[in-house]
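I opened this model to see how its chain is arranged. My notes follow in the order I looked things up.

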Amino acid sequence: MAPSSRLRIVVAKPGLDGHDRGAKIVARALRDAGHEVIYTGLHQTPEQIVETAIQEDADLVGLSVLSGAHMSLFRRLVTLLAERDAGDIRVFGGGIIPEEDIPVLEELGVAKVFTPGATTSEITAWVAGAFADQS
């Protein structure tokens, strides 16, 4: 991977959900694909995640949500990024998210939502394709 295509990606677990195995697997896959990954750990608020993304000069924020609070967590994160003039940081996510909620999340500004069963190859390929214009 060329140095110019190396992205800074924050992977976060917002809310009260305590299961982070999937987030860690995605973080490792993105790192192995050549990106710099910052994993925030469990129980992060949208405010903490946005602060981390800004401080780390992230290109992308990935949320893992299994708690059912995906609509409010993604909405708050996207709103906070815009309020902090960081709307250029793209947001993606995954977890237990009903198919009918995905178009609504996309309307809110979430670039991509991965549902259970998505492979790490799909995720890393989407990241590579979504940012191909920056290479």
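I began with pairing: two strands pair if DSSP finds at least two bridges between them. Helices (H or I, at least four residues) and strands (E, at least two) are DSSP runs, numbered from the N terminus.

**Ground rules.** I am reading a predicted model, where local features need pLDDT of at least 70, side-chain atom pairs count only at pLDDT 80 or more, and totals for chains, interfaces and linings use all residues. Residues are numbered from 1 along each chain as its sequence is written, and side-chain values use heavy atoms, with hydrogens and water left out.

**Bridges.** I looked up V61 and found V91 of strand 4 as its bridge partner. Strand 3 (residues 60-65) and strand 4 (residues 90-95) run parallel and are joined by six bridges.

**Whole chain.** I counted five helices and five strands. Starting at the N terminus, the elements run β-α-β-α-β-α-β-α-β-α. The radius of gyration is 13 Å, close to the 14 Å that the globule rule gives for 135 residues, so the chain is as compact as a globular protein of that length. That radius is taken over C-alpha atoms, and the rule is 2.2 Å times the number of residues to the power 0.38. The C-alpha atoms fill a box of roughly 40 × 35 × 25 Å along the principal axes.

Next I checked helix 5 (residues 120-130), which packs with helix 1 at about 50°, the axes 10 Å apart. The two helices are therefore oblique to each other. Angles under 35 degrees count as roughly parallel, over 145 as roughly antiparallel, 65 to 115 as roughly perpendicular and the rest as oblique. Contact (heavy atoms within 4.5 Å) is made by I25, V26, A29 and L30 of helix 1 with T120, I123, T124 and V127 of helix 5.

**Helix 2 and helix 3.** Which residues join this pair? The axes of helix 2 (residues 46-55) and helix 3 (residues 70-83) come within 9 Å and cross at roughly 40°. That makes helix 2 oblique to helix 3. The contact is made by P46, E47, I49 and V50 of helix 2 and L73, R76, L77, L80 and L81 of helix 3.

Definitions and conventions. Axes fitted to C-alpha atoms, helices over the stretch in contact; angles between N-to-C directions.
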